[in-house]
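Reader: I would like to learn how to read the packing of helices and strands in a model of this kind. Could you take me through the features one at a time, with the general idea before the case?

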Amino acid sequence: MRILMLGNSFTYENDLPGRLAGLLGAQVAHHTRGGARLAEQLNPRTRLGARTLEALQAGGWDYVVLQEMSNGPITAPTSFYRSVGELCRLARQGGGEPVLYATWAYQAGGEALSKLGMDAGEMSRRLYEAYHRAGEENRALVADVGERFAALAPTQPLYAGDGIHPSPLGTQLAAETIAQVIRGR
């Protein structure tokens with residue numbers, strides 16, 4: 001099985017691709033850059049976009065995992081939905097099944113969450129709605145990592161010190177959630 005992961009630091013932090021490869025016995029490649037949005041993956045004028053477009057056109061991926069910048073589905077929904085739609089189309093054109101890696105709300109009480117002007121519950125709900133809408137519109141699988149974070153974060157150290165990124169345990173939870181969705185196919 002071959003998997004291509006498109007995203008940013010939430011995708012490469014704590015070696016999520018390696019963890020996913022280990023869980024599935026798969027070959028996992030990742031095209032990532034800290035802070036990258038899915039729109040950049042479609043831009044042939046950027047190094048990341050050119051590389052991603054070439055890989056998608058070459059095909060041969062069983063699954064293509066898509067992860068938007070952490071608050072992107074909320075702060076730039078038009079770009080998010082358009083990018084997911086185009087990346088799902090390109091993934092399928094090359095024989096791959098798209099999987100949306102639905103991420104989590106920032107840690108409750110943290111500075112990053114305060115800057116967005118919402119609480120963790122609202123951010124979590126809005127991310128869930130955006131990823132599920134995109135999943136339905138594009139017939140894509142959704143790996144609900146954010147929902148698992150919301151349920152387990154009060155009792156487990158899933159966040160790194162910045163209250164945004166995953167701890168190693170949070171990354172493991174993400175890998176297990178994505179693997180479970182892929183195995184369910």
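Author: Begin with a helix lying on a sheet, where helices (H or I, at least four residues) and strands (E, at least two) are DSSP runs numbered from the N terminus, and where contact means heavy atoms within 4.5 Å. Axes are lines fitted to C-alpha atoms, for helices over the stretch in contact, and angles run from 0 to 180 degrees between N-to-C directions. Here helix H9 (residues 145-152) lies across S4 and S5 and runs at about 20 degrees to S5, while helix H10 (residues 168-183) lies across strand S1 (2-7), strand S3 (63-66), S4 and S5, at about 150 degrees to S5. This is a predicted model, in which local features need pLDDT of at least 70 and side-chain atom pairs count only at pLDDT 80 or more, whereas totals for chains, interfaces and linings use all residues. Residues are numbered from 1 along each chain as its sequence is written, and side-chain values use heavy atoms, with hydrogens and water left out.

Reader: Which residues of H9 are buried, and what do they pack against?

Author: An α-helix has 3.6 residues a turn, so residues three or four places apart point the same way. Buried means under 20% relative accessible area, exposed over 50%, and partly exposed in between (1.4 Å probe, protein chains only). In H9, the buried residues are Val 145, Gly 146 and Phe 149. Seen down the axis of H9, they fall within an arc of 100 degrees, taken from the directions from the helix axis to the C-beta atoms, so they line one face of the helix. These buried residues pack against S4, helix H8 (120-138), S5 and H10.

Reader: In what order do the strands of the sheet come?

Author: Two strands pair if DSSP finds at least two bridges between them. The open sheet has 5 strands in the order S2-S1-S3-S4-S5, with parallel pairing. Strand S2 (27-32) and strand S5 (141-144) stand at the edges with a single partner strand each, so one side of each has no neighbour in the sheet. Neighbouring strands are turned by 20 degrees against each other on average, direction ignored.

Reader: Which residues touch the most other members of the largest nonpolar core?

Author: In soluble globular proteins, nonpolar side chains tend to be buried together. A nonpolar core is a set of buried Ala, Val, Leu, Ile, Met, Phe, Trp, Tyr and Cys residues joined through side-chain atoms within 4.5 Å. The largest one has 58 residues, of which Ile 3, Tyr 101 and Ile 178 touch the most other members. Leaving aside neighbours within four places in sequence, Ile 178 is in contact with residues including Met 5, Val 65, Tyr 101 and Val 145.
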